Amino acid sequence: MHSQSMWRAVLLLATLCITLTLAQFPRECVTPTGLQSGQCCPSPSGVAGDECGSSTGRGQCVAIAADNRRHGPQYPYAGRDDRERWPLRFFNRTCQCNGNFSGYNCGQCRHGLTGPNCDQRISVVRRNIMQMSTAEKQAFVNALDRAKRTVHPDLVICTRRYQEVFGPDGNTPQFENITIYNYFVWSHYYSVSKTYLGPGQSSFGGVDFSHEGPGFVTWHRFHLMQLERDMQDMLGDPTFALPYWNFAIGGSECDICTDELLGARSSFDMSSISSNSVFSQWRVICESVEDYDSLGTVCNGTETSPIRRNPAGNVARPMVQRLPEPQDVLDCLELNAFDTPPYYSTSSESFRNTIEGYSAPQGTYDPVIRSLHNLAHLFLNGTGGQTHLSPNDPIFVLLHTFTDAIFDEWLGRHQPGEVVYPEENAPIGHNRRFNMVPFWPPVTNTEMFVSAPQNLGYSYEVQWPVRAYTLSEIITIAIVAAVLVVALVGGVIACAVRARSYRSAEALEPLLGETFRRYSEDDRRLDKSQSVV
């Protein structure tokens, strides 16, 4: 028993020291044997023969199903990119978890559940960061900073393409450790990176596995869920929830750019963060794009420059100097179609392309326009405005939780069902059943195309703006109100006249006794009934 424990410890230490490849995988699986076998089905208990917790009914090891339907014309190659038919270039077998169990080894619970049997529901509510208490805001900032400094307990990243994954000696897998927050950044970078075509050739940039297609909303939804779950585990708090930034407030002020929250502007450099903010100490990763494209390398998680941010400071593009308006959200939510052909950044009357920000809020595609999500990114004018770098600025998290809140509200209002999500002909990575790059275990776009409160274990507290009335609606309402007032006044006058007539009739019989009064009333009732007949 003791020797087995020591052997496990040695193996763990060895794996921790391994350098890395180009996708994130469980540390346990990136051994030479694991990669050569193509199987990643660890045991949650560490017991041999208990793959995926099969002995306790948690899950089983299965073959990975990868989407093979046609994708759009944007990517013209085949077999040139490790992300094609993800993740079959690296692994072809994974854990499939049963019931409420989840995780790469089925050792965790699904989002929003806890307990030994994952049957205890918990409340994970994402709230407006501006409405949180001072203590709650500080706790969130501290948690983000801790995630930036805490090595991910389970996952490692790749630093080489698959051809070079075993290293120069053919037996040293090229994987490296990375912190929880930097993994969040790296996975976004990896999904948007160019396709390396070989020495002396320009890398192909017309590929994006997380933007400019239907998968934009589903990919970023899971991206946030993974960070939220990692931070819950780090904090030991399963109720921890990522807050959101309501960026649809109009104007040119960044209300969360304060030292209490995401960092104020530096007094010495318009594009730097105030030294009073912990985020002024953060350093970005994955910015050596020219090296990645020319040498065929992959971001290895090395930290380099400070975060740059200059909200509303892009004087060359006045359009991006203002944030979206509340009306923009309302217009977007009223669009009926989830997405429209060609399911790309040129789609019109598409909710997805509108919330992403390539169409006007009313849904009309215009190559000049940038709205909603895209406009909020460009407004930040710095690290947060560059696709491959944007998650390095922690505002990314809050910007995308609000984008996800709009997506979830649209799902709730329109109740579309997965049938509206394109099964094929979307850009590569965006078909309904494509496994989203580079997440592990594999998760498809359609699994995220569901209402969050009912299916994904979290919800939002959002006060959605109310649509303003048009001039014609105001006139109609005024006319109806005037008619009602006239009718009401007329009714009051009629009642008053009737009451006065009744009192006058009574005044003509002042000496009648009680008997006659009753008779008189009966007589009136008789007369009334006769007239009715």
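Q: Which arginine lies over the face of Tyr458?
A: This is a predicted model, so everything here is read off predicted coordinates. At 3.8 Å from the ring centre of Tyr458, well inside what the 6 Å cut-off asks for, sits the residue in question. That residue is Arg126.

Q: And which residue lies over the face of Tyr190?
A: Tyr190 is one of the rings in an aromatic cluster. The residue over its face is 5.7 Å from the ring centre, and the cut-off for a charge over a ring is 6 Å. The residue is Arg83.

Q: How are the rings of Phe90 and Tyr162 arranged, stacked, tilted or edge-to-face?
A: A pair of aromatic rings is described by the distance of the centres and the angle of the planes. For Phe90 and Tyr162 the centres are 5.3 Å apart and the planes stand at 85°. Planes over 60 degrees apart fall in one class, so this pair is edge-to-face.

Q: How many residues apart in sequence are the parts that Phe90 and Tyr162 tie together?
A: Phe90 lies in the loop between strands S3 (59-63) and S4 (93-97). Tyr162 is in the loop between strands S10 (155-158) and S11 (175-176). The pair therefore ties together parts whose separation in sequence is 72 residues.

Q: What kind of aromatic pair do Phe407 and Phe449 form?
A: Phe407 sits in helix H10 (residues 395-414) and Phe449 in the loop between H10 and helix H11 (452-455), 42 residues apart. Both are buried, Phe407 at 1% and Phe449 at 5% relative accessibility. Their rings are 6.0 Å centre to centre with 35° between the planes, and the pair is tilted.

Q: Which helix holds Ile475, a member of a nonpolar surface patch?
A: The patch covers about 410 Å² and is made by Leu471, Ile475, Ile479 and Val483. Ile475 has a relative accessible area of 45%, so it is partly exposed. It lies in helix H12 (residues 471-507).

Q: How many residues apart in sequence are the parts tied together by Cys41 and Cys61?
A: A disulfide is a covalent bond between the sulfur atoms of two cysteines. Cys41 and Cys61 form one, with sulfur atoms 2.0 Å apart, and both cysteines are buried. Cys41 is in the loop between strand S2 (39-40) and S3, and Cys61 is in strand S3, so the separation is 20 residues.

Q: Is the link of Cys254 and Cys257 right-handed or left-handed?
A: The sulfur atoms of Cys254 and Cys257 are 2.0 Å apart. Cys254 is buried at 10% relative accessibility, and Cys257 is buried at 14%. With 60° about the S-S bond, the link is right-handed.

Q: What about Cys286 and Cys299, right-handed or left-handed?
A: Their sulfur atoms lie 2.1 Å apart. Cys286 is in the loop between helix H5 (215-235) and helix H6 (289-295), and Cys299 in the loop between H6 and helix H7 (326-333), 13 residues apart. With -75° about the S-S bond, the link is left-handed.

Definitions and conventions
Residues numbered from 1 in each chain as written. Predicted model: local features only at pLDDT ≥ 70, side-chain atom pairs only at ≥ 80, totals over all residues. Heavy atoms only, no water. Phe/Tyr/Trp six-rings, centres within 6.5 Å; stacked < 30°, edge-to-face > 60°. Helix = DSSP H or I, 4+ residues; strand = E, 2+ residues; numbered from the N terminus. Buried < 20%, exposed > 50% of the residue type's maximum accessible area, 1.4 Å probe, protein only. Lys NZ or Arg CZ within 6 Å of the ring centre and 35° of its normal. Patch = residues over 30% accessible without salt bridge, like charges linked within 9 Å, V, L, I, M, F, W, Y side chains within 5 Å. Areas by Shrake-Rupley, 256 points an atom, 1.4 Å probe, with all protein chains shown as cover. Salt bridge = Lys/Arg side-chain N within 4 Å of Asp/Glu carboxyl O. Disulfide = S-S within 2.5 Å.
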